[in-house]
Amino acid sequence: MGLLSWNRSHSRDGRQSKLPVYENLNSPSKERYSNDSYDDSDYDGDSAASLSPSTSNSRVTSASGSSSMPMMPKRKFALPRTPRQPLAYRLPNKVIRYLCFGLTSFILLMIFTLIRASHNENRALAEGKIDRPPAAPPSWEAFPFITRYYGGIRTLVPFSQNLPEYPRPKGEPPVDKLFYVNSSSWISDVEERNLPASKEYIQYPQSVFQNSPEEFQECFLDKDNKIRVPPIRYYDGRPNGFPEPVLGSYELLGLPEDICFERYGRYGPYGFGYSVRSGGLGTGEHGEKEGFESTWDKVPQVDWSEMNWADVQRRCYQANAARYATIAPEPPSPHGFYISEKISTNLQERDVLLDETPKTSLNKAAEETTSESASGEKPVATQLPRTAVVIRCWDEYRWREEDIMNVRSLISELALASGGRYDVHLLVQVKNDAAHPIWADAATYQQRIKDTIPLEFQGLVTFWTETQMLSLYQGIFDLFARGPDLPVHGVYRGLQMAMQYFAYQHPEYDYYWQWEMDIRYTGHYYDLLTKIENWTKEQPRKGLWERNARFYLPSVHGTWEDFKQMARVQSEMGTTGADNLWDGLPGTDKQSQTNRGEKPIWGPERPKDPKDWFEPNDDPVPETAYEKDKYVWGVGEEADYITFNPMFNPEGTTWGLADDITGYNTTGGNGMPPRRAQIITASRMSRRLLMKMHRETAFLKHHAFPEMWPSTVALQHGYKAVFVPHPLYVDREWPTDLFAHTLNNGRNGATGGSRTSVFGQREHNLVGLTWFYNSGFAPNLYRRWLGLKVNNDGGEEFELTADESKNGTSVNEMRGGEGRMCLPPMLLHPVKGVELPVEIDPEDKVEIPESDPAA
């Protein structure tokens, strides 16, 4: 019995895990919860009273008790009471479906509406139809303007005694602006001041005419060799307080820095300052003029009305043809079968005939001159290379008097002053060749020249059109980097194509200066280009591309040797900049680099895909390893590419045209090809470089933006490219350290290679320089120099009269009365649309009505 009892108890205990556990309801230690199923309100008082303690505690009775006894008392379970709620109406399923469909349609409609609105707004912003809110002014606008650029020839002091207003050495207090006037024997009355005499520049001791004179036959303007071009004239010294250049160096290039030019000494020889009746331009007869007559003391005024510059240049070359190599024949112009050609008797003779080119009169004259000089004159030991100066223009360009005297100065100071070593051409774009079919009719070609170009320059013109470039360079994949309105063959993105084809048509030149109509130089052009070419010829190739990528600030970088060493260290060791400041920190994508330096450029930098290499066997290669070279390779070698702005790496910058390069394989991990760019296309290119560009564009379909294509080809083929640190001035008192950091703020202290480059979104920092594509300072300074008013400052009254009420603290507070401005030699760009006061043309007769005697 005991065993059975134990078994029953054991089996019941085994079922306890499957049954709910009921606790003693009367236990005072248990709390009652509102959600308990056994709430007091669930049963009435009678049933509660009938419960006895023994019954309620039956759960703890002995296991040997009767099995018929109920384990729990029977209770009356009541449904839980729920709070009363108002009756809810349930919508039909059909209505619910309609509502969901309508809500979904509304959401989709709103999404598409917002997408379309965003697209339209972005397009309107890109097209300039929406005025953006004005951005915060750049910090440099808080810097004060420099005033002593506008000093006059009445305050000239020797260069050694000049105290530049800018840049000031560190720690020195700013100088009182009136100090420069008061310390130069300044007198309020212009007429009482003594003006020093001007001098001929060809007699300047440091000019190219005195330092390295050349022997050649003098060139004249007329056939009888009687009319000379009057020499330009200069003044010793500078206006007191005239600033020093913030960029570049006169001393480094050998340019004159201790003299200055005023407008009559610079442009008087070319028709500025005398009337149309006398053969001049009829302008320049305003403002302060004392001493301007000295321009024509030795050489009389020239009558420019009947000038033909094409004939002048031909005569100059023919007189000195013995100095140069024989002119290469013109490229053949295949025209098929032509009945008047010489009849060949055999196949060999016919093949030779096809390679021959009819000799022009210029070729024949050159050969005759060469033979004459060989028989009667001393032969030339070394034959000099010849250079074409190609000025870009377009047929609808409005020629002004100031443009004419500038082109006259270019031809006179380059072609004539060099004895025919330079020739000046006009490369003119015909914008609408549909209205003017110049390629279909030779008479139309000539008529378009007569209708658009001044008479004296008509013989210098070579036309080109965009459709011509399209036919020459077919098959180029157009990226449309600036939209469909600016195709790759257009004047904006394909300008270099016209220069390439011009070089192909003119094999008689070894080098080609690409010039622009809006460039001005206040000194002598031949002196400038000759000294630049000589300096670039002496530059070694080691570290050249690294130096090319940086602006040179003498007040910060020291001497040129210091600058060379700095560029080498920065390139090899690397620097910490905004582009790599956070490298290696947790959460950044970039890993820390122990050496941030770059591999030096030594020889050709080719694209990764060998299929993108074009004629690599012709490329120059280094003579020794980079480490073994002692800055020897490249010395004495002519530069293939000369620029006036740094050649920066566009990779990673914000420059908008950094990726406007086409024809290369950029897939499969090849990436973008190595490339360089420089702002402003004015530069000198060798024939070797231009022919490589021409053939690579035609055969391999490679091309890039005009400001990137020449330097990219030079980089990939190992050609010598040099940036010239010519003197540049700035209009405001920038702290020089800040200015240097702003300009050379790219990768490893260069100008490019990172998003912090000055080229791109930060180009506004360059607007105050005298040389940049959108400079605001250069045109204003040039106009003031010509005696014109700019922003109500300057002009004739400012030059002649001193206003004692002004304190001289700013440009518009200058007192004036110092005479006309005098500027040292400097390049200025851009200078557009200069309107000079011009006298009435005497040929335009004014009809005067006869008076009525009876009136």
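**Note on strands, disulfides and a surface patch**

1. Ile391 stands opposite Trp515 in strand 9. This is a predicted model. Strand 9 covers residues 511-516 and runs parallel to strand 6, with six bridges joining the two.

2. Strand 6 also pairs with strand 7, residues 422-429. Eight bridges join these two strands, and they too run parallel. Arg392 stands opposite Leu427 in strand 7. Between strand 6 and strand 7 the chain passes through helix 12, residues 401-416. This β-α-β crossover is right-handed.

3. How many residues of strand 6 are buried? Seven of the eight, so strand 6 (residues 387-394) is largely enclosed by the rest of the structure. Cys393 is buried, at 6% relative accessible area.

4. Two bridges hold strand 2 and strand 3 (residues 233-236) in antiparallel pairing. Glu200 stands opposite Arg233 in strand 3.

5. The structure holds two disulfides. One joins Cys219 and Cys316, with sulfur atoms 1.9 Å apart. Its link is right-handed, with 70° about the S-S bond. Cys219 sits in the loop between helix 6 (208-211) and strand 3, and Cys316 in helix 9 (residues 309-319), so the bond ties together parts 97 residues apart in sequence. Cys219 is buried at 10% relative accessible area. Cys316 is buried at 2%.

6. The other disulfide is formed by Cys260 and Cys822, whose sulfur atoms are 2.1 Å apart. The torsion about its S-S bond is about 90°, so this disulfide is right-handed. It links distant parts of the chain, 562 residues apart. Cys260 belongs to strand 5, while Cys822 is in the loop between helix 24 (796-800) and strand 18 (827-828). Cys260 is buried at 0% relative accessible area, and Cys822 is buried at 0%.

7. What is the pairing when the bonded cysteines are numbered in sequence order? It is 1-3, 2-4.

8. Leu103 is exposed because its relative accessibility is 53%, and the cut-off is over 50%. A nonpolar surface patch of about 790 Å² includes Leu103, along with Phe106, Ile107, Leu108, Met110, Ile111, Phe112 and Ile115. Cys100 is partly exposed, at 46% relative accessibility.

How values were computed. Residues numbered from 1 in each chain as written. Predicted model: local features only at pLDDT ≥ 70, side-chain atom pairs only at ≥ 80, totals over all residues. Heavy atoms only, no water. Pairing = 2+ DSSP bridges. Helix = DSSP H or I, 4+ residues; strand = E, 2+ residues; numbered from the N terminus. Buried < 20%, exposed > 50% of the residue type's maximum accessible area, 1.4 Å probe, protein only. Right-handed = clockwise from strand over helix to strand, strands pointing away. Patch = residues over 30% accessible without salt bridge, like charges linked within 9 Å, V, L, I, M, F, W, Y side chains within 5 Å. Areas by Shrake-Rupley, 256 points an atom, 1.4 Å probe, with all protein chains shown as cover. Salt bridge = Lys/Arg side-chain N within 4 Å of Asp/Glu carboxyl O. Disulfide = S-S within 2.5 Å.
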